[in-house]
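Good morning, and thank you for making time for this. I would ask you to have the sequence and the structure open while I speak.

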Amino acid sequence: FTPGASVRARAPGSQRATAAAGRAPSTMSADAKLKADVAAFLRSGGARTSAESDPFNEPNDWERGRGGKGGAGKGVGKGKGGGKGGGKGGKGGGKGGGKGGPDPWAVAEARGSTKREAAGTLAAAANLSEEALRRAPPMALPVCSAWWEEGLVAAASGAAPLGASRATELRARAEQLHESEQQAFAAAQAKKHGSDARFVAKLVASGTIRDRLAALQVQIQESSFHALPSVRQLVSLAQRPRPEIKLQAVEALLAVFLRQLLPPDRPLVPLEKQRLGASPSDRALLCAHYEDRLKALYGEAVAVVSAGAASNLPHLKQRMVSGLHEMLSARPELEHSLLPALVNKLGDPDKKVASRVTHLLGQLSQSHPPMKPVLLAAVQRFVLRPNVGERAQYYATIFMNQLVLSRAEAPLAQTLLLVYLALFASRAKDAGALKAAMDSRMLSALLSGIHRAVPF
């Protein structure tokens, strides 16, 4: 190694700096060494050496802009730290010689310790600044999964339901409270899961459909009270016309609604029927608003599944029919909409679908015995409608024959007997049709049903 060769190999503008650095005494003071390091840093144009580079830290403000307030043109000027340095946007701007950028070490010192820089990274993960993190209000609702167990909405003693007009007045206030609550939750998540939150948000924004669905489910699992925006995006994906996207989105919706968001023992209460009193608290209003919006989103999901059950694609239709059964079996929410949609599939042109609906209704009556009168009433309304085909009547009769009866269910057996006789009478109006039907499977099913119902 020869120092002269090293000097000659360098650029002409840096030879004097190398020579000066070589003549510097070994007992250099701390201030002098700092000034020398700053001067060398400015002469190198702000580039770090391989030993100084840190791939895990983002560039600081001086490295990004190299200057203070002013124009964006390139200029040559004397910086406060000493030495000449080329930078963008000095106070003079343009080509003139204005004051250069601030001392990079002073900027690094002003930014604070590593812990503060980490907090800034977490804030960026949730698209929030450090100032927004500091000013974020505390959350009014808890971070929980089973939100109905928190008991935040307690009916005021002697209070009547809000009604449509009062609910409309409170809904605007509830929307503002909900927006503030979402901001507070985002700030809390940024502090707690900064890098993870940034990764999940990136998947939701620009990932594949499968990645977006998984990321949305992860966001929903963080807190049920703060999951409405993610549920809204899932419903939007389920409303797309492409069958493969609809199937995946419906699977995700069924998972989050039936396993996390819906209470297992009661239906959701809309805002109009909440008993909050004359002046409800912010927390009670937030919880009531959440329940109201969750009910609306679940209604949209039910509409998507019901419409999908009428699809011309066999695999999509079969999955949506199974989804209707899962919703009915798992939760009591919107039963009045789900049950007719499932019973109507008894008249589906596809024999496999109609036969599967018969099986699913039988499973529903076995898993929920108190629902047998409700199921029978829905099937009765369907089968006695005009212009119902014989095949649909046959599958409905097969379901009614599967109902398990007991001595305590005499009214149910009586209703069954009346339905059987009504179907038999409708077929006996025409003598020719009755003679042709004597050998049919429909007549055999009716006689079997009457024989089962009479003893009860």
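I will begin with the confidence of the model, then turn to the helices and finally to a few individual residues.

What is on the screen is a predicted model, in which local features need pLDDT of at least 70 and side-chain atom pairs count only at pLDDT 80 or more, while totals for chains, interfaces and linings use all residues. Residues are numbered from 1 along each chain as its sequence is written, and side-chain values use heavy atoms, with hydrogens and water left out.

First, confidence. The pLDDT is the predictor's confidence in each residue, from 0 to 100. The protein chain has an average pLDDT of 77, and 66% of its residues score at least 70. The pLDDT is below 50 over residues 1–26, a stretch with 7 contacts in the model beyond near neighbours in sequence. Residues 46–57 also have a pLDDT below 50, and this stretch has 7 contacts beyond near neighbours in sequence. By contact I mean heavy atoms within 4.5 Å.

Now the overall composition. The protein chain contains 21 helices and 2 strands. These are DSSP runs numbered from the N terminus, with helices being H or I of at least four residues and strands E of at least two. Of the 456 residues in the protein chain, 37% are buried. Buried stands for under 20% relative accessible area, exposed for over 50%, and partly exposed for what lies in between, with a 1.4 Å probe and protein chains only. Taking contacts between residues at least 6 apart in sequence, 64% join residues at least 24 apart.

Let me turn to one helix pair. Two packed helices are described by the angle between their axes and the distance between the axes. Helix 11, residues 228–238, packs with helix 12, residues 243–261, at an angle of about 145°, and the axes are 8 Å apart. Here axes are lines fitted to C-alpha atoms, for helices over the stretch in contact, and angles run from 0 to 180 degrees between N-to-C directions. The crossing of helix 11 past helix 12 is left-handed, that is, the near helix is turned anticlockwise from the far one by less than a right angle; clockwise would be right-handed. On the helix 11 side, the residues that meet helix 12 include Val231, Leu234 and Leu237. Their counterparts in helix 12 include Ile245, Ala249, Leu253 and Phe257.

Next, helices 15 to 17. The buried residues of helix 15 are Leu338, Leu339, Ala341, Leu342 and Val343. Among the elements covering them are helix 13 (282–308), helix 14, helix 16 and helix 17.

Helix 16 has 17 residues, which at 1.5 Å a residue should span 24 Å; its end C-alpha atoms are 25 Å apart, which agrees. The expected span is 1.5 Å times one less than the number of residues. Its buried residues include Val353, Val357, Leu360, Leu361 and Leu364, and the cover over the buried residues of helix 16 includes helix 14, helix 15, helix 17 and helix 18.

Which residues of helix 17 are buried? They are Lys372, Leu375, Leu376, Ala378, Val379, Phe382 and Val383. Seen down the helix axis, these buried residues fall within an arc of 160°, so they line one face of helix 17. The arc is that of the directions from the helix axis to the C-beta atoms. Their cover includes helix 15 (335–343), helix 16 (351–367), helix 18 (390–402) and helix 19 (410–427).

I close with some individual residues. Leu334 sits in the loop between helix 14 (314–330) and helix 15. Its phi is near 55°, a positive value in a residue other than glycine, and Leu334 is buried at a relative accessible area of 12%.

Asn387, in the loop between helix 17 and helix 18, is likewise not a glycine and has a positive phi of about 65°. Is Asn387 buried or exposed? With 83% relative accessibility, Asn387 is exposed.

Pro332 belongs to the loop between helix 14 and helix 15 and is partly exposed, at 28% relative accessibility. The C-alpha atoms of Pro332 and Pro267 are separated by 5.8 Å, although these residues are 65 apart along the chain. Leaving aside neighbours within four places in sequence, Pro332 contacts Pro263, Pro264, Asp265, Arg266 and Pro267.

Finally, Ala413 lies in helix 19 and is buried at 1% relative accessibility. Its C-alpha atom is 7.5 Å from that of Val454, 41 residues away along the chain. Not counting residues up to four places away in sequence, Ala413 touches Leu405, Ala453 and Phe456.
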